[in-house]
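Biologist: Can you show me the model and take me through its charged pairs?
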Amino acid sequence: MKHHSHIFLFILLISGCTSEGHENTSIESINWINYRNEAVGYEVKIPEIYEPNEWEDGSGVIFKRNGDETVMLIRWVNEEDKRRGIWLSHEPKGTCVLSGHTGKTYDYIHWDGPSGVRTRSFVIPYKEKNLGIEFRTLDITKVEKQILDSFRLITLE
């Protein structure tokens with residue numbers, strides 16, 4: 001019995017570290033809001049239930065839902081950020097287009113301490129750095145697609 005409880009705990013820990021996107025959410029039922037980041041120069045429509053928390057003088061923002069579940073990040077980084085375990089340390093899997101700019105996609109496990117999270121990143125070169133949208137899932141549903149399609153670079157005066 002003791003052996004089985006360890007297996008259950010291990011499965012519970014692994015399943016808690018991954019997300020399956022929004023497979024059960026109807027896109028029509030979502031209230032969308034505009035998130036604007038003037039520090040970097042972009043805007044994107046996100047589900048109203050996402051809570052954005054900026055860090056690093058606006059160069060990054062983490063989006064959570066239900067108070068603590070990280071679902072998405074947008075980061076503006078350069079090669080010096082490679083040590084942070086983001087897409088820079090991985091080989092690209094394909095190409096993407098964000099706001100008319102061609103970039104690359106990355107699928108990898110992002111490690112935060114002892115646990116890892118499946119992550120898909122969409123990355124474009126922007127202002128001599130890389131600007132990426134990271135989803136904490138590999139399953140890109142209609143909701144994530146809507147977010148990607150709404151992403152726009154903006155010019156600030």
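Modeller: What follows is a short talk about salt bridges. This is a predicted model, where local features need pLDDT of at least 70, side-chain atom pairs count only at pLDDT 80 or more, and totals for chains, interfaces and linings use all residues. Residues are numbered from 1 along each chain as its sequence is written, and side-chain values use heavy atoms, with hydrogens and water left out.

Biologist: How many salt bridges are there?
Modeller: The count is 8, taking a salt bridge as a side-chain nitrogen of Lys or Arg within 4 Å of a carboxyl oxygen of Asp or Glu.

Biologist: What does Glu-43 pair with?
Modeller: Its partner is Arg-36, with the closest N and O atoms 3.0 Å apart. A network of salt bridges links Arg-36, Glu-38 and Glu-43.

Biologist: Now Arg-65. Buried or exposed?
Modeller: Arg-65 is buried, at 11% relative accessibility. Buried means under 20% relative accessible area, exposed over 50%, and partly exposed in between (1.4 Å probe, protein chains only). Arg-65 forms a salt bridge with Glu-69, at 3.1 Å from N to O. Glu-69 counts as partly exposed, at 25%.

Biologist: And which residue does Arg-118 bridge to?
Modeller: Asp-139, with 3.2 Å between the closest N and O atoms. The pair links distant parts of the chain, 21 residues apart: Arg-118 is in strand S8 (residues 115-126), and Asp-139 is in the loop between strand S9 (129-135) and helix H2 (142-150). Helices (H or I, at least four residues) and strands (E, at least two) are DSSP runs, numbered from the N terminus.

Biologist: What is the relative accessible area of Arg-118?
Modeller: It is 23%, which is partly exposed. Asp-139 is partly exposed as well, at 31%.
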